[in-house]
Structures are given as structure tokens and as C-alpha cells.
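Dear colleague,

I am handing over the structure we spoke about, and below it you will find an account of what was found in it. Please read the notes with the model open beside them.

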Amino acid sequence: MIRRQRLAAGVCALLAALAAGMAFPAAANAGEPTGEPTAKVDLVLDVSGSMRTRDIDGGTRMAAAKQAFNEVLDATPEEVQLGIRTLGANYPGNDRKTGCKDTAQLYPVSTLNRTEAKTAVATLSPTGWTPIGPALLKAADDLQGGDGSKRIVLITDGEDTCAPLDPCEVAREIAAKGIGMTIDTLGLVPDTKLNKQLSCIAEATGGTYTSVEHTGELTDKVNQLVDRAANPVVTPVATDGAAQCTDAPTLKSGLYTDREEFGQQRWYRVEVMAGQELRASVSVAADRAVGPDYGALLRAVTVHGREIVRGEAAGNGRTDVISTGLRYPKPERDDDSDKPTAETVCLQVTNSFSAASGVKTTPGLPLELTVDVVDGPSHSGDVASFGLGRGWWLLGVLVLVGFLAGLIWGWLSRWRVAVWRTN
């Protein structure tokens, strides 16, 4: 009897495993190329003599940096290529010319080997000068090549000691090259001059400046910046909607920003091929005092004025942003012609915000429009329209497994009752 119970349990487990395998396709192996641009991060660490100071959580600044680096290396996403550059780590002398050249690549920007990187960090000892400008120039060279996001994270406890090569001017020079490189700065000392210099470096490239005074804060911030490189924020493209569809700009898939006057209509055009689906959403922000009741409307309309689909939302003053969206799948063509046929869809954005007394109505309210044209459903019965998408496969398999498990359990129960009566 016990053997039969074990057999039943094994059959149920096997069915469940088969169901899971059918429902969830095999994922790509870790480290396999995905065809997407690779994000690169270069951590630039100050190893000058002042890093010996003991004022961070009872330990030295260098100890705090090492601990933070070890935790960051453990948490770095697999898709990020990470490197470590030092400044002031090798020359202990007093010759300024030599000290201002003291920057080296401790670990090359590459697929991360955590053991090797941690071993390299463990060897660091506070030594020399603070050549921030030269280190940033070299870090920019470290990140050359590739189409992914590029980010320099500078961690220092003091100002640059190698003027006249101003690190702020170096950052502006890097930004002027148009290579999309961002520099984020972290200061380990709440010093006014240092804060000003690091803020200038960050602002020149659209980065961020943060003052940290604890090891946990340093770890969290560096982790955040590395993750941000792996998932870069999409920069919206400025566009100007028109007062009518015939004059509207044609938009491709992307994120767009515009301004819309109170109660105004803005029109945009999107080309949708047969077999594709248009997905659009809009957010309108109240960046000034407005009336308590308002709404936003997004409509997809044909060039002849016929409404296809709409999305609308209303607010009552409890939020500063209101959003809505829509989806429009264009069916496949019934004929056998290979000639592509595109339909021009007009997107109309309307708001019902009202200005409070004495509030300026210009410039218009900021709006953000997302347009995405993707491959549509493979056939008219695609269950995505019911909100389940490919989840129907999982639901069907689970029903089948439940049915089979019920039959087996019922048969076992009847067999046990029969044995019990016999005995």
C-alpha cells in the first residue's frame, strides 16, 4: 500500500514538472549574448593619503570604501561590464608633476570576475595625490567602444590637487564629445569646496552628486548607480504637436515630451502596418495651481475623423499627474499581396485642466507621450484581448494536471477503501 502511495506521489510530481516545463520556456543561459548593448561602468576611487583618516563609522575612509566595493561587486548585474580605476594609489613622494600622473586601471572594464576584482581592491593602501582631472580623462578612455550606456562613478574625500587641469572643465570636455558618458560623484567629506567641485563635475555630464558619511550610504548609492547603468533611463524627445491631424508630426516608437495649453488639443500621427499593434499612453502634469476637477483624453482616430479607440482618466486634485492609454491592433490583410500597407493613425491628446485664479496659462502643461508599435496578435483568437496573454497555456496545462491528479487520487482512494473492506 505504501509503495502504491509513493508511486502516486511520483506520478503527480512528474505531471507537475511537465506542466512547468510546458508553461515556462527555457531561459537563456547566464552569460550568453543577448544582442543588446552592453552597459559599462568605471569606478574611480581616490586612494590618496587623506583616505587614512578615521571618521567613517569608527574606521578609515579607505576601509569604508573597500567594504562598499566588496558589497557592490557581489551585487553587480551580470549584464554590466565593470572596471576599477584608482587615483593617488602608487606614488608616495612630493613631486607634484609625478603625483599628478598617478592614476591606474586596477581592474579593466570587462565581464566581472568577482574574486579577481576583490583581490585587487584588498591590495589598496592610501598613498599619494588627488589627480581627479587626469583620472577622469583616463576613465573616459577606459569606457570607449560599444553602444551601451557608459557611467563613471567617482568616489573621493578631497578636491583635485593637480590644477590647472580643472576636473570640472575635463567633465565638460567629455560631455562635449557627445559620447553619452555620465559622471556621478560621491564625496566622503561634507566640505563646501569639495561639494561645489563634485557638483560641477556631475552637472556637466547630467550625472548626480551625493555626499555620504556612512559605509551603508556609500554601498547603497554605488549599487544604485551601477543598476542605473544596467537599466538606463530613456531620455524623452521633444516634439511639437499640431492643432489638427493633417499638420501633425509623424512619430515612431519612443518617448516624447510636449506642452499643451489648458483645454487645448494636440495631434500626432503614427504609421501602423497590417499585423502590428499600436500602444500609446500619455501623462499630463499639473506644474502649477489648477482647479480641483480635471481629466485627460487620448484618442486614436483615422485620417477621416472616425474614432478607433480611446483612453480617458479623471482626477479630483489629489495628484499632480494624470495618465491614460490605449491599444489598437491592426488586423492582417486577407489578400495575398506582399505589398505592405500602412495606416496613418491620428493620436489626439486633450486635457480639461483649468487654471486657478491669477495663474499663468503659458507655457502649457508638460505632457509625456509614449508610442510603441509592436507585432500584433498572431491570430484573431489571441487571448491577449482577455487580459491573460500567453497565460492561457499555463491555465490549460494546470487544468489538465488537476484533472489527471484527481483521477489518480480518486482511483487510489477507491482502492484503499476496497482493501479496508477486504481486511
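Strand 4 and strand 5 (residues 103–111) pair in the antiparallel sense, over six bridges, where strands are DSSP runs of E with at least two residues, helices are DSSP runs of H or I with at least four residues, and both are numbered from the N terminus. Two strands are said to pair if DSSP finds at least two bridges between them. Opposite L87 stands T103 in strand 5. Strand 4 also pairs with strand 1 (residues 39–46), in this case in the parallel sense and over eight bridges, and there L45 has T86 of strand 4 as its bridge partner. Seven of the eight residues of strand 4 (residues 80–87) are buried, so this strand is largely enclosed by the rest of the structure; buried means under 20% relative accessible area, exposed over 50%, and partly exposed in between, with a 1.4 Å probe and protein chains only.

Before going further, please note that this is a predicted model, in which local features need pLDDT of at least 70 and side-chain atom pairs count only at pLDDT 80 or more, while totals for chains, interfaces and linings use all residues. Residues are numbered from 1 along each chain as its sequence is written, and side-chain values use heavy atoms, with hydrogens and water left out.

As for the whole protein, there are nine helices and 17 strands, and 40% of the 423 residues count as buried. Among contacts (heavy atoms within 4.5 Å) between residues at least 6 apart in sequence, 75% join residues at least 24 apart.

Strand 13 and strand 14 pair over eight bridges in the antiparallel sense, and R299 stands opposite R310 in strand 14.

Which aromatic rings are paired, and how are their planes placed? The structure holds one aromatic pair, and it is stacked, because the rings of Y294 and F353 have their centres 4.5 Å apart and their planes at 10°. Y294 lies in strand 13 (residues 294–302) and F353 in the loop between strand 16 (342–351) and strand 17 (365–375), so the pair ties together parts that are 59 residues apart in sequence. Y294 is buried, with a relative accessible area of 5%, and F353 counts as buried at 5% relative accessibility.

T362 lies in the loop between strand 16 and strand 17, and at 48% relative accessibility T362 counts as partly exposed. Leaving aside neighbours within four places in sequence, T362 is in contact with E261 and R288. The C-alpha atoms of T362 and F262 are separated by 8.7 Å, although these residues are 100 residues apart along the chain.

With best regards

Methods
Phe/Tyr/Trp six-rings, centres within 6.5 Å; stacked < 30°, edge-to-face > 60°.
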